[in-house]
Each structure stands twice: as structure tokens, then as C-alpha cells.
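Trainee: Please take one part of this model and go through it closely. I would like to hear about the salt bridges and what surrounds them.

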Amino acid sequence: MALIKKETTWFFISIISFLVILISYIFEILLPVENIFYDLRFKIRGPIKKEGNVIIIKIDEDSLSELGRWPWDRKIIAKAVENLFKAGVKIVALDILFPEPSNKLSDQALYNSLKKGNSIIACYFEHVYENVLKNNTIQKVQTEKLIYPIEIFKKVAKVGFTNVEPDNDGVVRSAILYRDFEGKRYFSFNYLITENIIGKEKIRDLPQKIYINYYGPSEFFDKKNQKITSTFVGYSFVNIYKNIIPSFWLKDKIAIIGATAIGSYDHYPTPFVKTYPGVELHATVIENLISKSYCMKKFNKFQNIILIIISLIIFSLIFYKSSAVLTLIIMIIFSAGYYLLTYLLFVKYYIILEFVPYAMSVFLLGFDSIFYNLISEQQEKKLIKSIFSRYINPYVMKELLDNPTGSLSSLGGQKREITVVFTDIRQFTTLSEKLPAEEVVKFLNQYFQIMNDIIFKYNGTIDKYIGDAIMFFWNAPLDQPDHAYLAVSCVIEMFNELEKFNENYKLPIDFKIKIGAGINTGEAVVGNIGSSQLMEYTAVGDTVNTASRIQALTKDFNSPIIISEYTYKKLNNRIPATSLGKIKLRGKEQEIEIFRVGDYRYY
């Protein structure tokens with residue numbers, strides 16, 4: 001029954017852990033932590049060499065300083081585009097919005113430049129508020145609107161949206177390649193550039209959403225070459241405008257014109273840095289698409305839920321049978337090992353595996369198991385203490401519980417000085433013959449209960465019951481320096497309590513309980529004696545035998561409590577005792593002096 005109860009309790013604990021983890025995963029409560037571990041993979045890997053298909057034409061501080069504040073006259077942009085096409089670039093992509101016409105000559109100039117080669121310009125999905133009549137009132141309703149370039153540019157250039165969609169924490173980790181809007185499919189700026197390079201057939205199977213495989217920050221320290229290196233080759237717009245960049249630096253490249261100046265506000269946080277130019281973000285996505293090095297999640301949400309449930313079941317079964325130390329080892333090894341696996345798959349094969357739900361499964365179940373086992377052990381100890389305190393001395397039991405692998409748990413003993421007491425009921429045989437067996441047992445149980453309580457009160461160790469006799473001792477297993485005094489004091493209280501017992505316990509016959517007690521102090525071997533299957537914590541030796549024989553003398557000397565000279569010396573006159581002379585005990589050559597304690601006599 002206890003095992004079934006334990007299994008049922010652990011089952012319910014596991015179910016609660018299952019629900020906590022699954023709810024946290026389904027409702028994306030764990031997502032912020034997952035993002036931290038996702039970004040950490042980039043930082044561990046560090047910056048890497050990219051393919052080099054894309055160059056950045058930077059609208060930077062130098063360009064703004066020479067050509068004036070933004071927005072520039074479109075003739076300036078037109079000249080730069082024309083210079084790029086003359087240098088032999090494959091595609092000129094403008095990460096710039098042209099939602100409204102400027103003067104006709106400038107628009108015509110840019111139009112003429114764009115039609116000289118493959119060109120792509122930007123559009124943008126924007127959330128706007130519009131006044132709508134609703135419930136007889138005008139209400140502001142948020143709608144989405146596509147900010148398109150003017151018609152003249154759409155005739156000569158492809159148009160792709162440049163929207164960047166950060167996660168809830170503001171970091172950009174993914175890119176949308178196409179989306180449907182008002183019944184029509186629109187492709188991203190990056191998708192259209194890649195399509196122009198590798199062709200429609202090869203790009204057809206791309207997913208709608210990819211995770212960006214960042215190559216690094218805009219600039220980083222190259223340890224190999226010991227110098228500051230740019231992730232992407234970039235040229236200041238003003239130098240392209242002035243046509244001072246050699247053509248062979250530009251030939252067959254994809255040129256993206258975009259803002260890198262801080263004041264442009266086109267910067268986003270990435271796993272590497274807090275501010276990363278949007279134009280370089282587009283360049284990264286394009287390089288990812290061309291080289292097929294973009295990252296993808298291996299499993300969708302439903303598949304992850306199934307895998308999380310399987311992992312929870314496996315670890316629930318493992319931890320149910322595991323010790324606290326083994327559980328901690330499994331938690332650490334699995335978490336570290338699994339994160340290493342996610343890192344290697346990410347770096348080598350651009351595969352993204354969820355980490356936090358599985359690590360949380362292990363840690364939550366692991367700590368549940370540790371705390372559950374600790375509580376169970378405490379409950380089991382209480383149960384053992386409650387049950388076995390009826391069979392063994394509480395001090396022996398305490399030592400076993402505190403030190404289960406110590407000397408008390410194995411065969412063997414040690415020699416130490418103890419004080420041993422034997423007590424015996426006088427004329428118990430006569431009593432047994434006159435009473436039914438169940439009445440004798442009832443009587444003995446009550447008698448032993450009273451005697452036991454007194455022995456335990458004085459911290460004595462009960463060795464055994466021998467019929468109606470009790471053997472008990474002091475100074476083992478715990479040290480008790482004043483063991484002789486404790487023993488004699490205990491026996492005196494037992495006699496005093498016996499008088500009350502005789503008054504309160506009414507036997508069916510006229511019989512008063514009388515006991516005799518023999519006490520001796522000396523060396524004995526104390527420990528576990530028996531076999532590996534069954535052993536008994538006991539004391540053996542001449543000291544024990546002497547105490548037993550002294551107890552037998554109580555009838556002869558009409559003295560209920562007799563102690564040996566060795567015990568008497570330990571009392572230091574603190575308890576009154578009278579010498580009964582020296583006697584020769586059965587089986588011993590040497591005489592021993594014995595003493596009557598107090599004035600107790602049989603009547």
C-alpha cells in the first residue's frame with residue numbers, strides 16, 4: 001500500500017510539472033529565456049566569414065556632410081545608380097522609400113537610371129489609424145496600408161517590402177519573405193534580389209519565414225589578421241556619386257543603397273549588437289538565401305509539444321528511481337549536453353532546436369524529485385521511528401538513522417565500560433499459573449510500558465526482555481560519563497513507580513508485584529551480535545553475567561536492589577547504600593562486595 005501511495009503521489013507531482021511546462025511553452029512564457037539561449041549560440045560561435053555577394057552603398061555621415069541633409073534631390077541618387085550600373089553591378093537595390101513625386105526632372109532622372117539594369121526599390125507595410133463610422137459614431141481603427149513607390153519607378157524596377165519584424169524583446173531574429181495582402185501576394189525586398197540572382201526555379205521552395213544567420217556585428221576584431229574587419233564590404237555613397245571607386249571592386253556585385261548614419265533611425269538590435277543598420281540586415285538575409293545558410297526550426301510547435309511530453313515521461317520514470325545526487329548529475333549532464341547538441345546543429349547545419357522547454361522539464365522534474373525524496377525520507381524516518389521505537393532503544397535507533405552506514409549497521413562490537421541492570425518479577429511463575437494467558441500478557445504489557453518509560457527517561461538502553469525480566473544498560477551507544485548514578489537512580493524510580501502500579505492495577509487474584517534488581521559496572525563488549533540476516537544490539541561479557549547473578553541474590557538477602565562494589569565506587573556516596581559483605585558468585589573465583597541500596601526490603 002505504501003508503494004502504491006508513493007507511486008500515486010509522484011504521478012500527480014509529474015502531472016503538475018507536465019502542465020506547468022506545457023502551459024509555459026504553449027503560451028510562450030518561456031520565450032524570453034529561449035531567446036537568451038538562442039542569442040548565446042551566436043556569441044559563442046562568434047563572427048564568421050560571409051559569402052561576399054553583397055556590397056553596401058552607405059548613406060553615412062560623410063555622405064550627408066558633403067551632399068547635404070536628407071532627403072536629397074533624386075538626381076543625386078540617379079547619378080549614383082548610373083555609376084553602379086556602369087561599373088557592372090548585377091543589381092542595384094534601393095532601401096529607400098519613394099512614396100511621393102518630387103520635381104519631374106529629378107524623378108525622370110532616377111527613372112532613366114533605374115531602367116539601365118536590374119533594379120529593386122522598397123515599399124513598406126504601415127499601420128495607420130483611419131476614421132471609421134461604427135455604431136453611429138466615428139471611431140479610429142487601426143488598419144494596415146502598403147506604402148508604394150510612385151508609378152513611374154514601378155515601371156522600371158521591381159518592388160519589395162522592407163518591413164523588419166522584431167521579436168517582443170526588440171531583437172530581430174527572423175525575416176518574412178512574402179505575405180498576402182488584400183488578395184495579392186507580395187514579396188520581400190530580399191526575396192526579389194535573391195530571385196534575380198539565382199532564378200525563380202531555385203527560390204520557389206523557400207519558406208515564408210526564415211531565421212537570420214547573422215555573420216557578426218558591422219565591425220569586429222579579426223583575431224587571425226589582428227585587425228578591425230567589416231562584416232560587409234561597404235562604400236560611402238558620396239564616393240560612388242563621385243565615381244572614385246574602381247569598377248572591378250563593384251563588378252558582378254549586388255549593391256544595396258541604404259542608410260547607415262545613426263540619425264537615420266534605421267537600426268535594429270540583433271543577437272550580436274544593440275544597433276545594426278537595416279541595410280546590413282537585408283544584406284545578411286540575401287547572403288543567407290543565396291548560400292542557403294539561413295536557419296530553420298527543426299520542429300513546429302505541435303511536434304515540440306509531443307517531444308516535450310515524451311521527454312517528461314522519460315525523466316519522470318528516471319527520477320522516480322534516482323537518488324538526489326544521481327538526479328543532480330543527470331540534470332547537469334543532460335542540460336549541458338543537450339545545449340551543446342543544439343549549438344553544434346545550429347553551427348554546422350543551421351538547425352534550430354528548442355532548448356528551454358526540455359531543460360526546464362529536466363530541472364523542474366529533477367528538483368521535484370529531490371524535494372519529494374527528501375520529504376519521503378523524512379516521513380519514512382518518522383514511520384520507522386514510530387514503529388521501531390517499540391522494538392529497539394530510541395538512542396540506538398537515532399544513531400542508525402543519523403549514521404545508517406556506521407558501526408551500528410554492521411556486525412561487530414567495541415569494548416567499553418557500562419553499567420548493566422537486570423530486573424526480574426518475583427514469583428511470576430505462580431502468577432502465570434493462576435491467570436489466563438491473555439491476562440498475563442496484558443499485565444506484562446502494562447508493566448513493561450511503565451518500566452520502559454522510566455528507563456528511557458534516564459536515557460538507558462534496553463537490551464532485551466527475558467520472560468518477565470529486563471536487561472538494560474548505560475554508556476552505550478552514546479557516552480554517558482555518570483552512567484552508574486543514572487542506572488541506580490533509574491532503578492529507584494522504577495521501585496517507587498511499582499508501588500503506584502500495584503495500587504492501580506487490580507489483578508483477579510490477591511497478588512502484589514515485587515521485583516529484584518541487580519546492578520554492576522565494568523567493561524563489556526557492546527555491539528551487533530548475530531548474523532548478517534538477523535543481529536541484535538547487545539552487551540556481553542563478565543560484567544553482564546555478574547549483574548545477572550547479583551539480581552539472583554536479591555531474594556537471599558531480602559534486598560530488592562543490590563549493586564556491586566564497582567557500581568558503589570562510582571556513586572561517590574550520592575545514594576545511600578549498605579554493605580552486605582563479600583560473596584563468591586557462582587562460576588567466579590574472586591569474591592566481590594555487594595551493597596543494598598536504600599532501605600528497600602521484601603515483606
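Mentor: The model is predicted, and a search of the whole structure finds 21 salt bridges in it. One of them joins the side chains of Lys301 and Glu28, with N and O 3.7 Å apart. Lys301 belongs to helix H12, while Glu28 sits in the loop between helix H1 and helix H2, so this pair links parts of the chain 273 residues apart. Lys301 is partly exposed at 36% relative accessibility, and Glu28 is partly exposed at 44%.

A second pair is Lys158 and Glu195, whose closest N and O atoms are 3.7 Å apart.

Asp542 and Lys588 form another, with closest N and O atoms 2.9 Å apart. Asp542 is in helix H19, and Lys588 is in the loop between strand E24 and strand E25, 46 residues away. Asp542 is partly exposed at 44%, and Lys588 is partly exposed at 23%.

Helix H19 also has buried residues, among them Thr543, Val544 and Ile550. Seen down the axis of H19, the buried residues fall within an arc of 160°, so they line one face of the helix.

Salt bridges can also join into a network, as with Asp39, Asp167, Asp169 and Arg173. Glu280, in helix H11, is a contrasting case: Glu280 is buried yet has no salt bridge, and the nearest side chain of opposite charge, Lys58, is 6.2 Å away. Glu280 does touch Ile56, Ser218 and Phe232, leaving aside residues up to four places away in sequence.

Conventions:
Residues are numbered from 1 along each chain as its sequence is written. This is a predicted model: local features need pLDDT of at least 70, side-chain atom pairs count only at pLDDT 80 or more; totals for chains, interfaces and linings use all residues. Side-chain values use heavy atoms; hydrogens and water are left out. Buried means under 20% relative accessible area, exposed over 50%, partly exposed in between (1.4 Å probe, protein chains only). Helices (H or I, at least four residues) and strands (E, at least two) are DSSP runs, numbered from the N terminus. The arc is that of the directions from the helix axis to the C-beta atoms. Lys and Arg count as positive and Asp and Glu as negative; His and the chain ends are not counted. A salt bridge is a side-chain nitrogen of Lys or Arg within 4 Å of a carboxyl oxygen of Asp or Glu. Contact means heavy atoms within 4.5 Å.
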